[in-house]
Amino acid sequence: MELKESINEMRVPNKAFGHNGLSVLTPTSESELSTVLRSAQEEGKKISVMGRGTKQGYGGGMVEYDYLLSLAKNKGIVEHTVGDMTVTVKSGTTIAELQNYLKEHKQMAAIDPAWPDDSTIGGVIAANESGPKRLMYGSARDLVIGLRIVYPDGSVIRTGGKVVKNVAGYDMNKLFIGSMGTLGVISEITLKLRPLPKYESLVILSATENQLENLRAFAVQLQDSMLEPASLELLNPTLSYKFLNKYTYSLLISFEDVENSVKYQENWVEEHKPAGAETTLLSLEEAKDFWAQFASNAPNSLQEMRDDAEVEGVLKLGSKNLDVFGIIEESQRIQAKYDMKVEAHGGAGHGVSHIILKGSETSMKQAIAHIRNFAEQKNGHAVIKHLPFNLRSELNVWGDPPSYFFLFKGIKAKVDPHNTLNYKRFVGGI
């Protein structure tokens, strides 16, 4: 099946982020991929795996490997069963290409990661990415029903199946989703789909710092109600000003359903909103345009780095749902304390926050330590999602290994005993 091209040919990631290769390999099929991996393992070579390169600044790793393996040309729809609402797609297909294809059938892959024009479905699955609508859609891990994986020795395995109701045996998909390409290279993914929403809107509640606790109480009330928002994303004032021209805390409440249901939920928000909060309503194309701009806000490793004293970094935090309010509020204090620009947003319904930092190298290191300590005090965690390699090499990218880290090491040793794939890129340097 053919895909409509939505982006240009593969762009080369910035070498400042590491994970480079002495040679670039671009297999176009699973058989070519299998041959490449088998030969590399036999030769004792190390491989850095990427889709199109947006996540080269994510994870530990090394500056340079023997090979840089790009899956950007391993792309296309393998099988689409419209009635069963499933699709099998090659891993190098971008999110935008996949969504544009499915849109013609009034379906979608229920995922909204950053940079959909450049992020590949394989990279998103390998990193277990998600966006603000994780509240309704879940993460990448929740969409996958089957994978085809090429092991470092070139052998191919299939996990899961091609139907949604597949409950036989262990769910091996979970082993590879979020493993950052350290166990095998994803060649194909089978996803469950959703129908395109008939109507959507975005209700934005803006509140001052003094009203933040009232906004938090409202978020609790909304989640205790019968409403089903797609997002409940809190923005700090710096990010709110960038997108809304309002230096306030902003709660992005997205609804996707039939029009009558969306309108009912919009009215509920208006009737129950905190006193003093301002409401902005974006419907249909306005809402889609907002989310498209929002998805392209964070820096990635395909962008040019300016030759100045400032660097950009992104942290991903996991916490209890409502601790997001404290994290986003703390991000604003960090901006003043370390004299840097801090854009932050977090999901009050799923507990995942992203903090975008821009400042000097010294400020960056201090701010990262501050944020990580703050998250850990709340029994959360923080990982560095984007940062130049020279700084990542000085910092603990993943934080302290978990108590079950010995399981990770055992699995890696069994599947990739020669450390062929993405060596040192994942937790604990595996």
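**Pockets, rings and burial in a predicted model**

Modeller: The second largest pocket has 30 residues in its lining, and those that lie nearest its centre are Arg141, Gly178, Trp398, Phe426 and Val427. This is a predicted model, in which local features need pLDDT of at least 70 and side-chain atom pairs count only at pLDDT 80 or more, while totals for chains, interfaces and linings use all residues. Residues are numbered from 1 along each chain as its sequence is written, and side-chain values use heavy atoms, with hydrogens and water left out.

Colleague: What makes a residue part of the lining of a pocket?

Modeller: On a 1 Å grid over the protein atoms alone, a pocket is an open set of points with protein on both sides within 12 Å along at least five of seven lines, and a lining residue has an atom within 4 Å of a point. The second largest pocket has a volume of about 800 Å³, where volume is the space filled by probe spheres set on points joined across faces, edges and corners. Helix 5 (173–176), strand 15 (311–318), strand 18 (381–386) and helix 13 (405–415) each give at least two residues to its lining. Helices (H or I, at least four residues) and strands (E, at least two) are DSSP runs, numbered from the N terminus.

Colleague: How many residues of each class are in the lining of the second largest pocket?

Modeller: There are 17 nonpolar, seven polar and six charged residues in that lining. Asp, Glu, Lys and Arg count as charged, Ala, Val, Leu, Ile, Met, Phe, Trp, Tyr, Cys and Pro as nonpolar, and the others, Gly among them, as polar.

Colleague: What is the volume of the largest cavity?

Modeller: The largest cavity holds about 290 Å³ of space. A cavity is a set of points where a 1.4 Å probe fits but cannot get out. Searching the whole structure gives one cavity of 30 Å³ or more. Its lining has 25 residues, with Val49, Met50, Gly51, Gly123 and Ala126 closest to the centre. Strand 2 (47–50), helix 3 (121–127) and strand 9 (185–192) give two or more residues each, and helix 3 has the largest share, four residues. By class the lining has 13 polar, eight nonpolar and four charged residues.

Colleague: Why is the pair of Phe218 and Trp268 called tilted?

Modeller: The structure holds 13 aromatic pairs. Rings of Phe, Tyr and Trp (its six-membered ring) pair if their centres lie within 6.5 Å, and planes under 30 degrees apart are stacked, over 60 edge-to-face and the rest tilted. Phe218 and Trp268 have ring centres 6.1 Å apart and planes at 40°, so the pair is tilted. Phe218 is in helix 6 (residues 212–224) and Trp268 in helix 8 (residues 259–272), so the pair ties together parts 50 residues apart in sequence.

Colleague: Is Phe218 buried or exposed?

Modeller: Buried means under 20% relative accessible area, exposed over 50%, and partly exposed in between (1.4 Å probe, protein chains only). Phe218 has 2%, so it is buried. Trp268, at 11%, counts as buried.

Colleague: What makes the pair of Tyr404 and Phe408 edge-to-face?

Modeller: Their ring centres are 5.5 Å apart and their planes stand at 70°, so the pair is edge-to-face. Tyr404 counts as partly exposed at 43% relative accessibility, and Phe408 counts as partly exposed at 26%. Ring pairs join Tyr404 and Phe408 with Tyr58, Trp398, Phe405 and Phe426 in a cluster.

Colleague: How do you know that the charged end of Lys46 sits over the ring of Tyr423?

Modeller: The test asks for NZ of Lys or CZ of Arg within 6 Å of the ring centre and within 35 degrees of the ring normal. The charged end of Lys46 is 5.7 Å from the centre of the Tyr423 ring and sits over it.

Colleague: Why is the protein chain called as compact as a globular protein of that length?

Modeller: The chain has 13 helices and 18 strands. Its radius of gyration is 21 Å, close to the 22 Å that the globule rule gives for 430 residues, so the chain is as compact as a globular protein of that length. The radius is taken over C-alpha atoms, and the rule is 2.2 Å times the number of residues to the power 0.38. Buried residues make up 57% of the 430 residues.

Colleague: Where does Asp339 lie?

Modeller: Asp339 is in the loop between helix 10 (323–337) and strand 16 (341–347). Asp339 has a positive phi of about 55° although it is not a glycine, and with a relative accessible area of 68% it is exposed.
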